[in-house]
Amino acid sequence: VVTGEIVSQLGQLTIRIGEDDIAIEGPATGQAPRAVPGDPASLRRWIRFDDAGRYRPLSGARSMRANWQADLPSIAAMDAAIEAVYPLALEHLAAASEGRLRIVGLDEVLSRQSGRYQVAAGLGTAGRDAATAVLCARCVKSPAWAGGATPPGGIPCPEPCSVLVALCREAALWEREPPEAAPVNAEAAFADFETPGNEVREAYLRLRKDDLG
Ligand code: SF4
């Protein structure tokens, strides 16, 4: 660490603020980092896919590309870059630290779904807990809406996201008609819960196998 450099962690990002330079970095696996443009539009494009080329529908998914660095000209540019990578994270951290984070629970979010997602409200407590456990464990955010604490470097999540709602929809259908488990297929799209082999689907079915008929 260079003298005067401040290094902090936010989700999977490392943030370095030196005397003369500022940078954000993706997870390091020991390879030389690739330079990535630090403007928000470029960063949004960069983090949209994981290293295997899979689309990342969940901004907090623990699947950020590894070994990259974006140099930033100012603190304002750094904030904009963080906003591009983790939308609303800085706002939610500030709100949580000031005790004004507005929490909305899963019951409320599921009960207001309509159309294709209305069926999600029929998912019981055990199913909701299992869906939350398998999905939120794959996300850098901490579900404050479920009463969880946010660890240092974490990001509080004030409201269940649309990906969790989509999982609850599928889970409600699985609870009625349990599907066959399948081997995990690492190439299956992250939020394609209907597809056998989807890692989240298989984790849910494993967790619920004693209760699903
Ligand atoms: S609900 Fe869970 S998976 Fe969705 S953003 Fe919040 S913590 Fe992440």
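I looked up β2 and β3 and found antiparallel pairing over 4 bridges; strands pair if DSSP finds at least two bridges between them, and strands (E, at least two residues) and helices (H or I, at least four) are DSSP runs, numbered from the N terminus. The model is predicted: local features need pLDDT of at least 70 and side-chain atom pairs pLDDT 80 or more, while totals for chains, interfaces and linings use all residues. Residues are numbered from 1 along each chain as its sequence is written, and side-chain values use heavy atoms, without hydrogens and water.

I noted that a hairpin of 4 residues links β2 to β3, and that Arg16 has Ala23 as its bridge partner in β3. Arg16 is also the partner of Val7, in the antiparallel pairing of β1 with β2 (residues 13-17) over 5 bridges. In the hairpin of β1 and β2, with 2 residues between the strands, I found Gly11 at a positive phi near 60°.

I then followed β3 (residues 22-25) to β5 (residues 68-72), an antiparallel pair with 4 bridges. Here Ala23 stands opposite Asp71.

I recorded the whole as an open, mixed sheet of 5 strands in the order β1-β2-β3-β5-β4. β1 (6-10) and β4 (34-35) each have a single partner strand, so one side of each lacks a neighbour in the sheet.

Lastly, I looked up the ligand. Its surroundings (a heavy atom within 4 Å) include Cys136, Cys139, Cys157 and Cys161, together with Lys141 and Trp145.
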